[in-house]
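Here is a short report on a single chain. Look over the sequence and the fold first, then read on.

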Amino acid sequence: MGEGLGFYKEYVAGMNAGLATVAVGHPFDTVKVKLQKHNTDVEGLRYKNGLHCASRILQTEGVKGLYRGATSSFLGMAFESSLMFGIYSQAKLFLRGSLPDDGPRPEIIIPSAMFGGAIISFVLCPTELVKCRMQIQGTDSLVPNFRRYTSPLDCAVQTVKNEGVTGIFRGGSATLLRECAGNAVFFTVYEYLRYHIHSRLEGSKLKDGYLVDMGIGVLTGGLGGIACWSAVLPFDVAKTIIQTSPDKATETNPFKVLRSIHKRAGVKGCYAGLGPTIVRAFPANAAAIVAWEFSMKLLGIKRD
């Protein structure tokens with residue numbers, strides 16, 4: 001699993017993982033957010049599917065439309081991922097104590113991942129609020145012109161000005177639930193798959209090959225990402241609705257929001273954006289794990 005760490009190396013490796021995640025996954029995330037916003041509204045535009053949404057964005061705004069809100073996403077994910085991977089690794093070491101490192105232990109992995117998820121939710125909430133509000137502004141947006149933002153900074157400033165400091169943390173409960181549950185699922189799947197694949201390769205010439213390590217990282221990170229998002233997408237839908245609503249009085253309880261969505265659009269509404277989310281989950285999380293593991297090797301962090 002893991003060995004002794006420097007004070008900062010896991011955090012640097014985690015930052016690189018976050019940058020890789022955004023570079024690969026942001027266009028899919030833009031499509032997901034638009035589907036969640038528009039396809040759950042009472043009235044207005046409806047996209048047939050993720051491909052229809054992506055094609056409309058490309059037709060009306062070009063490639064830059066797919067990367068709308070990416071600035072805040074790069075900044076937020078770099079910091080968030082650095083914290084997540086760093087805290088997760090440090091928490092695992094603390095909880096493992098003197099126990100033998102003889103394989104994945106759910107009693108160590110799950111609380112470590114949930115603790116990291118809880119901490120980063122406070123960073124993610126404001127950065128994702130800005131990201132989501134920027135992403136829904138395209139030509140197809142239902143957002144009134146007077147509420148359009150010129151930049152992520154302008155969005156953050158206007159949000160605080162119009163809604164107070166607490167406004168920038170709207171959707172915090174949904175973010176906390178998503179991050180705690182999602183990271184527990186992700187790291188459990190990742191650690192178990194990684195351990196069993198490496199166990200099968202024990203004694204093989206392939207065990208220490210860089211391409212093999214990269215392949216294992218792609219597979220374990222990708223499948224971990226799919227498992228994670230399949231489990232927590234309804235919380236993400238609720239978060240998007242809460243954060244992008246122009247009404248200050250919007251319900252902020254994620255369970256009540258989901259109940260309302262279910263009444264209007266059924267289970268399908270609670271999983272709005274599932275297509276692009278799953279399509280994004282594999283490459284984005286695979287890129288994150290490959291970047292993380294490669295960075296750790298460069299930094300001299302040993303993993304068995």
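## A buried glutamate

Glu179 has a relative accessible area of 9%, under the 20% cut-off, and is therefore buried. The model is predicted. Glu179 sits in helix α7. Setting aside neighbours within four places in sequence, Glu179 contacts Gly117, Ile120, Ser121 and Leu124.

## The nonpolar cores

Which residues touch the most other members of the largest nonpolar core? They are Phe187 and Trp292, in a core of 34 residues. Elements giving two or more residues to this core are α1 (9-38), α4, α5 (106-135), α7, α8, α9 and α10 (274-298). Helix α8 gives the most, with 9 residues.

Phe187 is in contact with Met84, Phe85, Tyr88, Ile109 and Ala113, again leaving aside neighbours within four places in sequence. Another core lies apart from the largest one. This other core has 7 residues, including Leu35, Tyr47, Ile57 and Leu66.

## Helix α4 and the annotated spans

Helix α4 covers residues 70-96, 27 residues in total. From first C-alpha to last, α4 reaches 37 Å, close to the 39 Å expected at 1.5 Å a residue. Of its 27 residues, 19 are buried, so α4 is largely enclosed by the rest of the structure. Just after α4, Gly97 takes a positive phi of about 55 degrees.

An unreviewed UniProt entry places the feature "transmembrane region" at residues 66-88 and 108-125. In the model, residues 66-88 are 87% helix and 0% strand. The end C-alpha atoms of that span are 31 Å apart. Residues 108-125 are 100% helix and 0% strand, with end C-alpha atoms 26 Å apart.

Helix α9 runs over residues 254-270. How far apart are the end C-alpha atoms of this 17-residue helix? They are only 11 Å apart. A straight helix would reach 24 Å at 1.5 Å a residue. There is also a kink in α9 of about 110 degrees, centred on Arg264.

At the N-terminal end, Asn253 caps α9. A side-chain oxygen of Asn253 lies 2.9 Å from the backbone nitrogen of Phe255. The buried residues of α9 are Pro254, Val257, Leu258, Ile261, Gly269 and Cys270. These buried residues pack against α7 (172-200) and α8 (210-244).

Technical notes: Residues are numbered from 1 along each chain as its sequence is written. This is a predicted model: local features need pLDDT of at least 70, side-chain atom pairs count only at pLDDT 80 or more; totals for chains, interfaces and linings use all residues. Side-chain values use heavy atoms; hydrogens and water are left out. Helices (H or I, at least four residues) and strands (E, at least two) are DSSP runs, numbered from the N terminus. The expected span of a helix is 1.5 Å times one less than its number of residues. The bend at a residue is the angle between axes fitted to the seven residues ending there and the seven starting there. Buried means under 20% relative accessible area, exposed over 50%, partly exposed in between (1.4 Å probe, protein chains only). Contact means heavy atoms within 4.5 Å. A polar contact is a pair of N or O atoms within 3.5 Å; within protein, one must be able to donate a hydrogen and the other to accept it, and residues adjacent in sequence count only if both atoms are side-chain atoms. UniProt positions are given in the numbering used here, feature names are shortened, and annotations may be inferred rather than shown by experiment. A nonpolar core is a set of buried Ala, Val, Leu, Ile, Met, Phe, Trp, Tyr and Cys residues joined through side-chain atoms within 4.5 Å.
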